[in-house]
Amino acid sequence: MLSDVPYVREAGSEGVELVMWLIARGAMSDVAGGPAPTVKHRFYHVPASNTAVGHLILENN
């Protein structure tokens, strides 16, 4: 089993989360030439603190 510890040491817990999301996106069918995913939900907000947050929900077709 692979460990996330090296990623946490190099990039922090946010770096590990980014790697996991990139892996999940890479596993979708369009990466291998299949149909593009359907966007089910998209949200982006920049509060007064200027720390933006975004959500994107994709459905694999």
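What follows is a short chat about a predicted model of one protein chain.

Me: What should I know about the model before I start, and how are residues numbered?
Reply: Residues count from 1 along each chain as its sequence is written, and side-chain values use heavy atoms, with hydrogens and water left out. The model is predicted, so to speak: local features need pLDDT of at least 70, side-chain atom pairs count only at pLDDT 80 or more, and totals for chains, interfaces and linings use all residues.

Me: What does the chain average in pLDDT?
Reply: The average is 88, and 98% of the residues score at least 70. pLDDT is the predictor's confidence in each residue, from 0 to 100.

Me: Which residues line the largest pocket?
Reply: The lining consists of Leu18, Trp21, Leu22, Ala24, Arg25, Met28, Gly54, His55, Leu56 and Leu58. Two elements give two or more residues each to this lining: α1 (5-26) and β2 (53-59). A lining residue has an atom within 4 Å of a point.

Me: Where does the largest share of the lining come from?
Reply: From α1, with five residues.

Me: And how does the lining split by class?
Reply: Seven residues are nonpolar, two are polar and one is charged. Here Ala, Val, Leu, Ile, Met, Phe, Trp, Tyr, Cys and Pro count as nonpolar, Asp, Glu, Lys and Arg as charged, and the others, Gly among them, as polar.

Me: New topic. How many salt bridges are there in the whole structure?
Reply: The search finds two. A salt bridge is a side-chain nitrogen of Lys or Arg within 4 Å of a carboxyl oxygen of Asp or Glu.

Me: Arginine 25 again: what does its side chain meet in a salt bridge?
Reply: The side chain of aspartate 30, at 2.9 Å from N to O. Arginine 25 counts as partly exposed because its relative accessibility is 31%, and aspartate 30 is partly exposed at 23%. The cut-offs are under 20% relative accessible area for buried, over 50% for exposed, and partly exposed in between (1.4 Å probe, protein chains only).

Me: What about lysine 40?
Reply: Lysine 40 pairs with glutamate 59, at 3.5 Å from N to O. This pair links distant parts of the chain, with lysine 40 in strand β1 (residues 38-45) and glutamate 59 in strand β2, 19 residues apart. Lysine 40 is exposed at 51% relative accessibility, while glutamate 59 is partly exposed at 36%.

Me: What else does glutamate 59 touch?
Reply: Leaving out residues up to four places away in sequence, glutamate 59 touches Met28, Pro37, Thr38 and Lys40. Contact means heavy atoms within 4.5 Å. Glutamate 59 and methionine 28 are 31 residues apart in sequence, and their C-alpha atoms are 8.8 Å apart.

Me: Where is asparagine 61, and what does it touch?
Reply: Asparagine 61 is in the segment after β2. Its contacts, not counting residues up to four places away in sequence, are Ser29, Pro35, Ala36, Pro37 and Thr38. Asparagine 61 counts as partly exposed because its relative accessibility is 44%.

Me: Last one: what is the phi of asparagine 50?
Reply: Asparagine 50 has a positive phi of about 65 degrees, although it is not a glycine. Most residues other than glycine have a negative phi. Asparagine 50 lies in the loop between β1 and β2 and is exposed, at 62% relative accessibility.

How values were computed. On a 1 Å grid over the protein atoms alone, a cavity is a set of points where a 1.4 Å probe fits but cannot get out, and a pocket is an open set with protein on both sides within 12 Å along at least five of seven lines; lining residues have an atom within 4 Å of a point. Helices (H or I, at least four residues) and strands (E, at least two) are DSSP runs, numbered from the N terminus.
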